[in-house]
Amino acid sequence: MANHEMSDAAELVEAEWNRILGYGPDRIDPLVARTAYTHPALRELFPMVSHGILYLSRCTQYPWTHDVATAFPQAAGGYRVRRQSDNTLLGAVETVEEAYELIAANPPEGCGPAVDGTPDDL
C-alpha cells in the first residue's frame, strides 16, 4: 500500500472518530465512544454507530469487517463483548471500560490500522 493511501485512510478514520465523538446521547452514549477512543489500537479502526452501538472496522468502505469485537449493552447492566464474524462471546463485563479493554486485548489476526477500501483490500 502506498504511503498516500495509508494517509488517506488515517484521515478518513480520524474524521469519522471526530464526528462520532461529537454525537450526543440520542445517537450513542458519549462515554462509549470516548472510552473506545482511549485505546490507540482501536482509534486506528474505522468507527460506525448503528442503533446506539459502536462498531469498528478494519476498512473504511462498505461492506465493513465484522471481525473486531463489539460491546453490546445489556438491559440489566454491563456489556456482552462479541465478535460478529464467528459469533464468539469474548466475555460479559460490568463496565464500558472493561468492555473496551477486552476488545483491545483481542484484535483479529493481522489487525492494524484501517485501510481505505473494502475487506477485499485487506
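This is a predicted model: local features need pLDDT of at least 70, side-chain atom pairs count only at pLDDT 80 or more; totals for chains, interfaces and linings use all residues.
View 1. Residues are numbered from 1 along each chain as its sequence is written, and side-chain values use heavy atoms, with hydrogens and water left out. Strands here are DSSP runs of E with at least two residues, helices are runs of H or I with at least four, and both are numbered from the N terminus. Four bridges hold β3 and β4 (residues 79-83) in antiparallel pairing; two strands count as paired if DSSP finds at least two bridges between them. Within this pair, A71 has V81 of β4 as its bridge partner, and T70 stands opposite R82.

**View 2. The open sheet of β3, β4 and β5.** Three strands make up this open sheet, in the order β3-β4-β5 and with antiparallel pairing. The edges belong to β3 (70-73) and β5 (88-93); each has a single partner strand, so one side of each is left without a neighbour in the sheet. From one strand to the next the twist averages 25°, with axes taken as lines fitted to C-alpha atoms and angles running from 0 to 180 degrees between N-to-C directions. Five bridges connect β4 and β5 in the antiparallel sense, and R82 stands opposite L89 of β5. These two strands also form a hairpin with four residues between them, where N87 in the turn has a positive phi of about 60°.

**View 3. The hairpin of β1 and β2.** β1 and β2 run antiparallel and are joined by five bridges; among the paired residues, P47 has L56 of β2 as its partner. Two residues separate the strands of this hairpin, and H51 in the turn has a positive phi of about 55°. β2 is mostly covered, with five of its five residues buried. I53, Y55 and S57 point one way and L54 and L56 the other. S50 lies in strand β1 and counts as partly exposed, at 29% relative accessibility. S50 and W17 are 33 residues apart in sequence and 14 Å apart in space, C-alpha to C-alpha.

**View 4. T65 in the loop between β2 and β3.** T65 lies in this loop and is buried, with a relative accessible area of 8%. Its side chain makes a polar contact of 3.4 Å with that of D67. A polar contact is a pair of N or O atoms within 3.5 Å; within protein, one must be able to donate a hydrogen and the other to accept it, and residues adjacent in sequence count only if both atoms are side-chain atoms. Not counting residues up to four places away in sequence, T65 touches L56, S57, R58, C59, P119 and L122, where contact means heavy atoms within 4.5 Å.

View 5. In α4 (residues 96-105), the buried residues are V96, A99, Y100, L102 and I103. Seen down the helix axis they fall within an arc of 155°, so they line one face of α4; the arc is that of the directions from the helix axis to the C-beta atoms. Their cover includes α2 (30-37), α3 (40-43), β2 (53-57), β3, β4 and β5. Leaving aside neighbours within four places in sequence, I103 is in contact with L42, V68, A69, T70, A71 and V81. The largest nonpolar core has 30 residues, of which L54, Y100 and I103 touch the most other members. Such a core is a set of buried Ala, Val, Leu, Ile, Met, Phe, Trp, Tyr and Cys residues joined through side-chain atoms within 4.5 Å. α4 gives the most to this core, with five residues.

**View 6. The start and the buried face of α2.** At the start of α2, a side-chain oxygen of D29 reaches to within 2.9 Å of the backbone nitrogen of L31. Further views of α2 show V32, A33, T35 and A36 as buried. Their directions fall within an arc of 165° down the axis of α2, so these residues line one face of the helix.

Key
Buried means under 20% relative accessible area, exposed over 50%, partly exposed in between (1.4 Å probe, protein chains only).
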